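Me: I would like to learn how to read a few structural features with care. Could you take me through them one at a time?

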Amino acid sequence: MLHSAFRLVVPCWLLCKYKALLPPASTPIERNISIPSLILPEKLTIMPSHELGESIPPDTAHAVSVSLPTWASNVGYEEGEKWVVNRMTTGYPRFFVHRSIAAFAEVILSTYGRDGQQHAMLFPIASASRRCVDFIRERCTPELANQVSTVNLALDTSKEGAGALAHLKPTISAVLYPADAQPLAKQYWQHTGDGASSRRAEFCAGLFKDGLMVRVPDSPKAANGLDAGGPRPSRGPRRYQRAGSIDGIIHPPTKAPAVQSPEVQESSRFLEERFGRNLDLGLVDKARSAIRRRITSTLSGDMDLLDGPLPSFESSNTRGVPALQESDVFLFPCGMNAIFNAHQALLKSREPRKSISFGFPYVDTLKILQKFGPGCQFYGHASSEDLDDLEKRLKEGERFLALFCEFPGNPLLVCPDLKRIRRLADKFDFAVVVDETIGTFANINVLVDADIVVSSLTKLFSGDGNVMGGTAVLNPQGKYYRKIKDTMINTFENTYWPEDIIYLERNSRDFASRVERVNVNSEAICQVLVNHPAVKHVYYPKVNPSRIHYDAYRLPTGGYGGLLSVVFHSQPAAQAFYDAVEIAKGPSLGTNFTLCSPYVLLAHYQELPWAASLGVDPYLVRVSVGLEETGSLREVFETALRAATAASSA
């Protein structure tokens, strides 16, 4: 159905120029968006290994992974070798600055940059830029701090037709700084997940090119596109001085994303084709609500947002917490941003104290706890001995803000004793934050014993590998619920770009059925690996000693998830297996297709001895299992294992 109000307000030239937030139907990128995601193929073809540096999925403009098809290419990437980094077309979005973002950053730098400023980092709103600036200035010299500045851009609603785009809130805020501040800016951007999404950057770059997005003062009023001032002349260089790679160093600048030329087209046909069933921007709020309902397990995947209002919220199927409401679910642009905001909410709602990082950590979770508050107590094994030591500290009077853990952990798939942690938290007054990304709420229910559950929706909840997302869910029966929720409401910043929301809602409709298939395939691959003579150890919740803790929260219909890790008897065997396995190979997990990586090399290359001291083998291979036909997957892994065996006996 057409949206007449939109059609009447927007002049034809603007309709033609800003057709949609999606590419034209003839463009190969994001091809899967028009395929009804509720219909799973009976047999999915295994995605083979791709050329070095190619996006995963291939031909996808906003892919969240990149092909590193050989062991040597992973090492070469970590060493910054040109034969690897110069071929990178994309990368994981918190470790690689997307070309669209880099291009728009270059335009902003050349337009507003001052002498000595060589870099720009893009954020969705001014407050995120201010936090980045504060982070840099607290850690650098006064001279360097004085060379850091911000530029805020917003929609100029005084221009003809621009008001119709105001509900998108197309804002961009840039931090401009010298090359010496790049490491600090990168740390903030990577750890917090506060950066602008590539889709937001593309859309705003087009607006800026046509004079519809202009500089505004750093004020709440300006954030709405008012009091816009024009650009000032540039007095500084317009260059990036270092080549890029997926570790967050920006790529050499490319030209700004092109905005399509005006086309002669009847506006009603345009609206039906571009803002109709493909991407109706009027449905963004419903899509956001549908995602939140899906996370609480109260909305089935077959709900069509065009069929009318969402059904009334029912509290009979809400993760075993009857009081859980849609308003207890907060959405963020990525999973790390959810963790960052959960930590900040706890610091603001309770007396600021050190937190506890329990279990081998995802690198940025630990950095958040170390760098954005009073610090943290780290327990790397998630063992009963670690809990004994924690209990001893607590009994001696030491107090903490919160305990952060993953369930299960990455990459060893260890599950902490969450029951005991909950008892200690109740007795000694600290909150419990559980990252359920790997287990997923379709398999386990950890909310009953957590104060906050966080998750990366980029992973299996989406599956398609073309959009980022994150969530924090509050337990309404938790001791600190009221204080945390009031803080979250008062401080929450809605920076999730509307187009990303639309993609995530579409992708997640078949989440439950995909999890079922992934569970079956993962168990099958585990069986192939676990008894093979070339394999030293397999880490998987079903075969780990900590299975008892996983089973305590496993749902009656739940399985053991889609992630497993394998360690071989030798490094040559691990390398031979990785090089031979004919599946997609690159960072990330939770994709609909099977994906693997030498995870420890990628995540901890500069600290391999430290990882080994915590029982994490440097040559571990992590496998994220997908939806392919089980027999075909078995054959692929058996072939790769033969290569590992040959390397072991060589």
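Predicted model: local features only at pLDDT ≥ 70, side-chain atom pairs only at ≥ 80, totals over all residues.

The dialogue below goes through cysteines, a sheet with its helices, and aromatic rings.

Me: How many disulfides does a search of the whole structure find?

Reply: A disulfide is a covalent bond between the sulfur atoms of two cysteines. With the criterion of a pair of cysteine sulfur atoms within 2.5 Å, the search of the whole structure finds 0.

Me: Is Cys 334 buried or exposed?

Reply: Buried means under 20% relative accessible area, exposed over 50%, and partly exposed in between, with a 1.4 Å probe and protein chains only. Cys 334 has a relative accessible area of 5% and is therefore buried; Cys 596, with 1%, is buried as well.

Me: What is the strand order in the open sheet of 4 strands?

Reply: Strands (E, at least two residues) and helices (H or I, at least four) are DSSP runs numbered from the N terminus, and two strands pair if DSSP finds at least two bridges between them. Here the order is β3-β5-β4-β6, with antiparallel pairing, and the edge strands β3 (119–123) and β6 (213–216) each pair on one side only. Between β3 and β5 (residues 172–177) there are 5 bridges, and His 119 has Tyr 177 in β5 as its bridge partner.

Me: Which strands does helix α6 touch?

Reply: Contact means heavy atoms within 4.5 Å, and angles run from 0 to 180 degrees between N-to-C directions of axes fitted to C-alpha atoms, for helices over the stretch in contact. Helix α6 (residues 126–137) packs on the sheet and touches β3, β4 and β5, its direction making about 20° with that of β5.

Me: How many aromatic pairs are found?

Reply: A pair of aromatic rings is described by the distance of the centres and the angle of the planes. Rings of Phe, Tyr and Trp (its six-membered ring) pair if their centres lie within 6.5 Å, and planes under 30 degrees apart count as stacked, over 60 as edge-to-face and the rest as tilted. The whole structure has 26 aromatic pairs, among them the tilted pair of Tyr 92 and Phe 95, at 6.2 Å centre to centre and 50° between the planes. Both Tyr 92 and Phe 95 are buried.

Methods: Residues numbered from 1 in each chain as written. Heavy atoms only, no water.
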